[in-house]
Amino acid sequence: TLQLNEGQNTVNIKVTNNCGTTKEDFSVVFKPARVPAPPTVEITSPSANPHTTNNSSISVSAATTNINTMNQVSVTVNGTPANFMFDAAANTITFNTGLQEGSNNVTIVVVNADGTADDQTEIVYNKPVVVKPPIVSFTDPNVSPMQIAAGSYTINGFVEHIDAPSQLQILVNQQPYTAHTTSVQPTGVAFQLNVTVNPANPSY
């Protein structure tokens with residue numbers, strides 16, 4: 001049994017008997033069998049799949065092996081190629097991406113001479129609902145205080161950023177007042193009420 005070095009090995013054979021000596025040289029080239037090294041990739045951040053966020057953008061990270069250059073990597077978000085950074089020393093892929101409202105599909109594919117690997121994740125973007133505070137305005141009277149004579153007076157007003165009359169409460173002289181009418185409109189609720197002005201208690 002011969003122990004061969006990688007590459008070319010020279011073997012010398014010399015044979016001697018009473019009739020003389022002969023020798024023969026030959027070469028043996030030893031090339032070790034190559035062990036395939038297919039690539040791997042795993043999305044590490046976000047770690048949950050699916051991942052839900054209220055932010056319109058997110059940072060994504062992945063770990064890979066047996067990849068040497070960024071030309072061996074492709075990243076898509078919702079089917080569209082995305083820019084990314086590849087750190088060959090750390091074997092990491094990182095990128096930031098904007099999100100569309102709802103489901104977003106992220107796919108990372110890595111390729112080398114021994115194969116292909118990919119990993120996918122779903123990121124769900126729930127756009128925050130901005131709740132606007134109600135705004136009350138009076139169209140009649142349009143000044144305060146309003147000076148009127150005794151009798152009845154019709155008050156008209158509008159409340160923005162509500163969508164139902166049940167969200168409206170009217171107080172007259174700090175007492176609940178329910179004899180009003182309302183009208184739901186695209187941007188809020190209009191209201192109207194009639195008050196009787198009492199000279200003995202003229203403030204409302």
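Before anything else, a term I need: helices (H or I, at least four residues) and strands (E, at least two) are DSSP runs, numbered from the N terminus.

**Ground rules.** I am looking at a predicted model, where local features need pLDDT of at least 70 and side-chain atom pairs count only at pLDDT 80 or more, while totals for chains, interfaces and linings use all residues. Residues are numbered from 1 along each chain as its sequence is written, and side-chain values use heavy atoms, with hydrogens and water left out.

**Overall look.** I found 17 strands and 0 helices in the protein chain. Its C-alpha trace spans about 150 × 25 × 25 Å along the principal axes. I then checked the radius of gyration (taken over C-alpha atoms; the globule rule is 2.2 Å times the number of residues to the power 0.38). The protein chain has 41 Å, whereas a compact globule of 204 residues would have a value near 17 Å. I also noted that 25% of the 204 residues are buried. Buried means under 20% relative accessible area, exposed means over 50%, and partly exposed is in between (1.4 Å probe, protein chains only).

A reminder to myself: most residues other than glycine have a negative phi, and most peptide bonds are trans. N66 goes against that with a positive phi of about 60 degrees. I located N66 in the loop between β5 (57–65) and β6 (73–77), and it is partly exposed at 37% relative accessible area. N78 has a positive phi too, near 55 degrees. N78 sits in the loop between β6 and β7 (80–81) and is partly exposed at 31%.

Which peptide bond did I find to be cis, with P46 in it? The bond joins S45 and P46, with omega about 5 degrees. P46 is in the loop between β3 (40–45) and β4 (51–53). Another cis bond runs from D140 to P141, with omega near 5 degrees, and P141 is in the loop between β12 and β13 (151–160).

**Aromatic rings.** I searched the whole structure and got 1 aromatic pair. The rings of F138 and F191 have centres 5.9 Å apart and planes at 90 degrees, so they are edge-to-face. For the cut-offs, rings of Phe, Tyr and Trp (its six-membered ring) pair if their centres lie within 6.5 Å; planes under 30 degrees apart are stacked, over 60 edge-to-face, and the rest tilted. F138 is in strand β12 (residues 135–140) and F191 in strand β17 (residues 188–197), so the pair ties together parts 53 residues apart in sequence. F138 is partly exposed at 46%, but F191 is buried at 6%.
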